[in-house]
Amino acid sequence: MINVKNVSKNFGKLQVLKDVSCEIKKGEKVVIIGPSGSGKSTLLRCMNLLEKPSSGEVWLDNKLISDMDIYLHDDLILKSNIYHKKLNKFIEEEKININQLSRFEQLKIIEEIKKEKQIKPILENKIFKKEKRAFLKENCLNINDARKKMGMCFQHFNLFNNLSIINNLILAPVSLHLMSKQEAIEKATSLLQRIGLYEKKDEYPSKLSGGQKQRVAIIRSLCMNPEVMLFDEPTSALDPEMVGEVLNLMKDLAHDGMTMVVVTHEMGFAKEISSRVLFMDEGKIMEEGSPNDIFLHPKSPRLIDFLSKVL
Amino acid sequence: MLFQAGFFQEVKEVLTTKEFMIYILEGFKNTFLMTLIAALIGLVLGFLVAIIKIFSQDNKFLKIPAFICNCYTTIIRGTPVALQLFIMVFAILAIPGFKETAVVLTFGINSGAYVSENIRAGILSIDKGQTEAGRAMGLSSLTTMIKIVLPQAIKNVIPSIGNEFIALVKETAIVSMVGSTFGKLTFDLNQAATTISKDTANYLIPAIVVAIFYLILVYSITLLIKLFERRFRQSDQR
Ligand SMILES: Nc1ncnc2c1ncn2[C@@H]1O[C@H](COP(=O)(O)OP(=O)(O)O)[C@@H](O)[C@H]1O
Ligand SMILES: [Mg+2]
């Protein structure tokens, strides 16, 4: 479902993700653990492009959602007939065998050709533009369309402070014309009843407790009928007595078959619901496996050290 | 001198002389109109400039508009409004019959620069998580701005924008620098005082009467702002 390919992310000089690849399959519940600052949030936020990867690709349902322009131009250039002639000429001149080129090397050549400005007429060519549009349609997904399929819950809930609970829930589905207002209200009502907060529907977020806020934030995402839910430490900002109610809702979701990616420090929760655990450290996925493997038979010293601190 | 015997008598005389009151009411009307139109121009410009500046951070197509906006706020806020008025009336829009337009535009453009900075600060003061939550649900950056961020930002900036407009009321008084005649939009309260003082041969009394009218105008605006503030706060009890 979500495919992260060779993603790196730099904040200035600091490299936070180092060539990370991972795939989330439909129905999986993937838990990401790791010490603070190891890049867990950044990886999660790269999945729905809240952070733009510095390099690498993010795919959703076999559609590219990250940095289409660079990828597209280059990939399309590789596919384009017009381009192929130029490329072949270039390759002949440089005496390179195209079949022996890796994708990386191809991209390097494209960069060279771009520098020589031969590329510009091609990019502005009508046939090229037509091909590009067709390619886009076939292989890429607009970022906003991708996000409609991915719910996200934040550590600090981020309910819309200027809207009542019910309006928090229906804003996105109605503004994006996914549902009529009537349908959205019905959906929101049944979800609110499910979490027992229907009487609060006209209150503002500031009137809710932390646990209530986070549960509302979760169903706000559910109103969009997402295919996958991303959670970034959903219980870290809560008072201890409220952690349970949020985790219970998430467990319900898991049992309903939702695909989930959860960054959390709740190891009990991870053991109970996860189908796979990723351990991150220093911007890399250091170890991954079933909860059994990770918690009972950790291999890397880093993970052993980490688990000894949190368990 | 202020409280010599005839003082209140003279004030009363100004207030009851029909001819004088026509000047004052005309001036009041024009000061009010100039402020209103300039404030509307300022609001529209202010929002536009603030949003362009904010969006230019991650939209490369807005880099040039944002540069222009930065020049605009820097120049307008870095030079006296009196100078701007002169340049606008006697150079940029020195077309016969366009003086009123030029004057109102000057005040509007001037006010827009300050309003935009207020709005920008207001937008920046809203937690980034609000934008992220909106964007994460697939809302466009513009929808997120209009439906989530701006309503919260506006609530925070009403008082400072109100102050801007109160300052604007008084700033319009410099319009006398470019001159005007009765019946034109530029014949403001301040000019009413000057005109009356020519007849009464006393500047102080008309000035005091006009000051009272300025006060009435400013105080009404203050009340209006308080009303707005309360309305906005009701929708977000904390
Ligand atoms: N917007 C940002 N700008 C600069 N540095 C950032 C930003 N976001 C995260 N970082 C840095 O990236 C590193 C990883 O952050 P994060 O992904 O939040 O880690 P985790 O969620 O595992 O605690 C940290 O060192 C953090 O300071
Ligand atoms: Mg984090």
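This is a predicted model: local features need pLDDT of at least 70, side-chain atom pairs count only at pLDDT 80 or more; totals for chains, interfaces and linings use all residues.
Me: Why is the pair Glu132(B) and Arg45(A) called a salt bridge?
Reply: A salt bridge needs a side-chain nitrogen of Lys or Arg within 4 Å of a carboxyl oxygen of Asp or Glu. Here the N to O distance is 2.7 Å.

Me: What makes Arg135(B) and Asn144(A) a polar contact?
Reply: The term covers N or O atoms within 3.5 Å; within protein, one must be able to donate a hydrogen and the other to accept it, and sequence neighbours count only through two side-chain atoms. These two side chains are joined at 3.4 Å, so they pass. Seven residue pairs between chain A and chain B are in polar contact, both at pLDDT 80 or more.

Me: Which parts of chain A supply the side that touches chain B?
Reply: Helix H7 (143-148), strand S6 (150-153), helix H8 (165-175) and helix H10 (210-222) each supply at least two residues. By class, that side has 11 nonpolar, eight polar and five charged residues.

Me: How many residues of each chain are in contact?
Reply: 24 residues of chain A are in contact (heavy atoms within 4.5 Å) with 21 residues of chain B. The area buried between the chains is about 2,000 Å². Buried area is the accessible area (1.4 Å probe) that two parts lose on being put together, summed over both. Carbon and sulfur atoms give 55% of it. Phe160(A), Asn161(A) and Asn162(A) supply 26% of the area that chain A buries against chain B, more than any other three residues.

Me: Where is Arg135(B) found, and what does Arg135(B) touch?
Reply: Arg135(B) is in helix H6 (residues 128-136) of chain B. Helices are DSSP runs of H or I with at least four residues, strands are E runs of at least two, and both are numbered from the N terminus. Leaving out residues up to four places away in sequence, Arg135(B) touches Leu50(A), Asn144(A), Arg147(A), Ser140(B), Ser141(B) and Thr144(B). Chain B as a whole has nine helices and zero strands.

Me: What makes a residue part of the shell around ligand 1?
Reply: One of its heavy atoms must lie within 4 Å of the ligand. The residues around ligand 1 include Phe11(A), Pro35(A), Gly37(A) and Thr42(A). H1(A) gives the largest share, three residues.

Me: How do you know that Lys40(A) makes a polar contact with ligand 1?
Reply: An N or O atom in the Lys40(A) side chain is 2.9 Å from an oxygen atom of ligand 1. The cut-off is 3.5 Å, so the pair qualifies. A polar backbone atom of Gly39(A) lies 3.1 Å from a ligand 1 oxygen. Taken alone, ligand 1 exposes 560 Å², and the protein buries 59% of that (Shrake-Rupley method, 1.4 Å probe).

Terms used
Residues are numbered from 1 along each chain as its sequence is written. Chains are lettered from A and ligands numbered from 1 in the order in which they are written. Side-chain values use heavy atoms; hydrogens and water are left out. Ala, Val, Leu, Ile, Met, Phe, Trp, Tyr, Cys and Pro count as nonpolar, Asp, Glu, Lys and Arg as charged, and the others, Gly among them, as polar.
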